[in-house]
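Take a look at the model below. Start with its pockets, then turn to a helix and a loop.

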Amino acid sequence: MARETLASAARLRVVAGEPAAALRIGVASCLTPRLDRALTRLREGERPVEPVLVDLPVSARLDAVRNGGLDLALVRGAVSCSAMTMVRAWTEPLHAIVSRRHPAAEASTIDLRDLDPHGLRLPARDSDPPLHDAIVAALPVAPPRPPAGDVLTVMFEVGRDPEGWTVRPAEQATALRSERVRAIAFDPPVTVDGHLVTSHATPPTCVASFLAAFAD
């Protein structure tokens with residue numbers, strides 16, 4: 001309760017226009033162009049804040065918003081959060097990640113239905129349940145093998161398997177720096193929604209400013 005009271009006070013300072021209110025944002029470890037742009041918008045907006053990035057797994061991010069440890073969490077995919085406010089902020093393409101030796105490695109785009117399901121590798125669901133569920137929902141058939149490992153392990157396995165592939169959000173795929181794999185856009189496009197999750201105590205004016213910072 002004390003943490004939530006302090007977080008609410010910080011949000012009210014933002015509404016009042018007081019400078020340098022800290023905004024604790026739960027994120028993944030990857031700094032994407034969207035996040036980089038949003039940080040600038042938050043610092044330079046009408047109600048400027050000083051973002052504090054906290055790298056946490058998705059489940060821990062949501063728990064931290066719920067108990068007042070974070071003011072805001074970024075989540076790809078939908079979550080069931082009756083105790084919190086969830087707002088769709090952007091829509092992002094998903095890309096195929098394939099081995100450089102994959103038959104489609106030189107293609108500029110690829111149809112998701114043309115990829116062999118038996119080559120698909122996905123990280124374990126508990127690493128990011130909302131994103132995992134969104135990806136599985138977009139697949140034309142159920143994954144033939146159980147998801148396993150973290151994102152780094154999956155990327156390593158895809159890189160060494162000429163038939164292997166996985167699916168990642170475009171902004172994460174763009175951040176890849178590997179000679180073992182490459183990202184390919186889907187045609188027709190496949191997308192995932194990005195959401196902002198915050199406390200019900202967050203004033204609507206603050207939610208609107210967060211949305212403006214992260215929206216397309």
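The largest pocket has a volume of about 840 Å³. A pocket here is an open set of points on a 1 Å grid over the protein atoms alone, where a 1.4 Å probe fits, with protein on both sides within 12 Å along at least five of seven lines; lining residues have an atom within 4 Å of a point. The volume is the space filled by probe spheres set on the points, joined across faces, edges and corners. Of its 35 lining residues, Ala28, Ser29, Cys30, Arg168 and Gln172 are the closest to the centre. Helix α5 gives the largest share of the lining, four residues.

This is a predicted model: local features need pLDDT of at least 70, side-chain atom pairs count only at pLDDT 80 or more, and totals for chains, interfaces and linings use all residues. Residues are numbered from 1 along each chain as its sequence is written, and side-chain values use heavy atoms, without hydrogens and water.

Now follow α5 itself, residues 151–160. Val154, Met155, Val158 and Gly159 are buried there (under 20% relative accessible area, 1.4 Å probe, protein chains only). They span an arc of only 135 degrees around the axis, so they sit on the same side of α5; the arc is taken from the directions from the helix axis to the C-beta atoms. Leu152 and Arg160 are exposed on the face turned away (over 50%). Helices (H or I, at least four residues) and strands (E, at least two) are DSSP runs, numbered from the N terminus. Strands β4, β6 and β7 are among what covers the buried residues.

Leucine 120 lies in the loop between β5 and α4. Its relative accessible area is 4%. Beyond four places in sequence, its contacts (heavy atoms within 4.5 Å) are Leu139, Pro143, Arg145, Trp165 and Thr166.
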